[in-house]
Amino acid sequence: MVAVLGRFLPRFMDKLMELTMYRTQHSDRPSKSKADSALYHPGYGLHERGTNKGWMRRNSYYVKMSKYPLASAAIAAFVGAALWAAVSARQKD
């Protein structure tokens, strides 16, 4: 969606990004010292998530679908068949 908006409405997308993304990239916390930075040694205890205190998505359907491709294909086939049956039933009426 972001790519489509950026392609067809670039100025709108710029404004939207300024409003939403800029504040998520800045914090009132002071910077870490160079010694505590991950530039000179590995990060802090192999954490999966960063120190962002903002909103983070807990689940990703994309990741779930990529982890279970057969189940995803079966669900997609079931939904497709149900939609096809519903459309076929409407056309007969």
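With which residue does Asp14 form a salt bridge? The partner is Arg11, and the closest N and O atoms of the pair are 3.8 Å apart, where a salt bridge is a side-chain nitrogen of Lys or Arg within 4 Å of a carboxyl oxygen of Asp or Glu. This is a predicted model, in which local features need pLDDT of at least 70 and side-chain atom pairs count only at pLDDT 80 or more, while totals for chains, interfaces and linings use all residues. Residues are numbered from 1 along each chain as its sequence is written, and side-chain values use heavy atoms, with hydrogens and water left out.

Asp14 and Arg11 are separated by about one helical turn because they stand three residues apart in helix 2; helices are DSSP runs of H or I with at least four residues, numbered from the N terminus. Asp14 has a relative accessible area of 41% and is therefore partly exposed, a class that lies between buried (under 20%) and exposed (over 50%), with a 1.4 Å probe and protein chains only.

By the salt-bridge rule the count comes to two. Lys15 pairs with Glu18, their closest N and O atoms being 3.7 Å apart, and both residues lie in helix 2, three residues apart, or about one turn of the helix. Lys15 is partly exposed at 40%, and Glu18 is partly exposed at 46% relative accessibility.

Helix 2, which covers residues 10-20, also holds Phe12, a residue that counts as partly exposed because its relative accessibility is 46%.

Technical notes. Helices (H or I, at least four residues) and strands (E, at least two) are DSSP runs, numbered from the N terminus.
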